[in-house]
Amino acid sequence: MAQTEEETPFEYPAAKSGYQRLADSMCASYYAASLKCLEQANSDKSQCQSQFDAYKACRKREHQLRLERNRAESDEKIRRIVDKLKFWK
């Protein structure tokens with residue numbers, strides 16, 4: 001059974017080095033379920049639409065979380081720069 005978004009932590013061990021592996025994705029189980037469905041349905045995509053939709057929703061949420069994390073990191077960097085500028089005044 002696929003994990004829900006709440007059960008899966010959002011953390012990329014490889015993200016800091018500039019690349020992401022599918023195995024590091026919180027959506028890997030949804031991806032695997034989609035492939036398994038295609039295999040069982042003899043590549044009939046119409047029978048696997050619910051798995052595709054679940055994977056797509058997961059990827060969308062994962063992308064949103066990544067944007068939020070990046071925004072928070074950028075805000076922190078900007079705050080540190082502003083603090084340094086205040087120090088030098």
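Arg-79 and Asp-83 sit four residues apart in helix α2, which is about one turn of the helix.

Me: Is this an experimental or a predicted model, which one?
Reply: This is a predicted model.

Me: OK. What links Arg-79 and Asp-83?
Reply: A salt bridge, with the closest N and O atoms 2.7 Å apart.

Me: Buried or exposed, or partly exposed: where does Asp-83 fall?
Reply: Asp-83 is partly exposed, at 35% relative accessibility.

Me: And what about Arg-79?
Reply: Arg-79 has a relative accessible area of 41%, so it counts as partly exposed.

Me: Which other residue forms a salt bridge with Arg-79?
Reply: Glu-76 does, and the closest N and O atoms of that pair are 2.5 Å apart.

Me: How many residues apart are Glu-76 and Arg-79?
Reply: Three, both in helix α2, about one turn of the helix. Glu-76 is partly exposed, with a relative accessible area of 31%.

Me: Which residues are linked in the network of salt bridges?
Reply: Glu-76, Arg-79, Arg-80 and Asp-83.

Me: How many salt bridges does the count come to?
Reply: Four.

Me: Moving along. Which residue forms a salt bridge with Arg-59?
Reply: Glu-62, where the closest N and O atoms are 2.9 Å apart.

Me: Where are Arg-59 and Glu-62 in the helix?
Reply: Both belong to helix α2, which covers residues 49-88. They are three residues apart, so about one helical turn separates them.

Me: Is Glu-62 buried or exposed?
Reply: Buried, because its relative accessibility is 0% and the cut-off for buried is under 20%.

Me: And what is the relative accessible area of Arg-59?
Reply: It is 34%, so Arg-59 is partly exposed.

Me: New topic. Where is Ser-25 found?
Reply: Ser-25 is in the segment before α1, and that helix runs over 28-40.

Me: Buried or exposed?
Reply: Ser-25 counts as buried because its relative accessibility is 7%.

Me: What does the side chain of Ser-25 reach?
Reply: The backbone nitrogen of Cys-27, at 3.0 Å.

Methods
Residues are numbered from 1 along each chain as its sequence is written. This is a predicted model: local features need pLDDT of at least 70, side-chain atom pairs count only at pLDDT 80 or more; totals for chains, interfaces and linings use all residues. Side-chain values use heavy atoms; hydrogens and water are left out. Helices (H or I, at least four residues) and strands (E, at least two) are DSSP runs, numbered from the N terminus. Buried means under 20% relative accessible area, exposed over 50%, partly exposed in between (1.4 Å probe, protein chains only). A polar contact is a pair of N or O atoms within 3.5 Å; within protein, one must be able to donate a hydrogen and the other to accept it, and residues adjacent in sequence count only if both atoms are side-chain atoms. A salt bridge is a side-chain nitrogen of Lys or Arg within 4 Å of a carboxyl oxygen of Asp or Glu.
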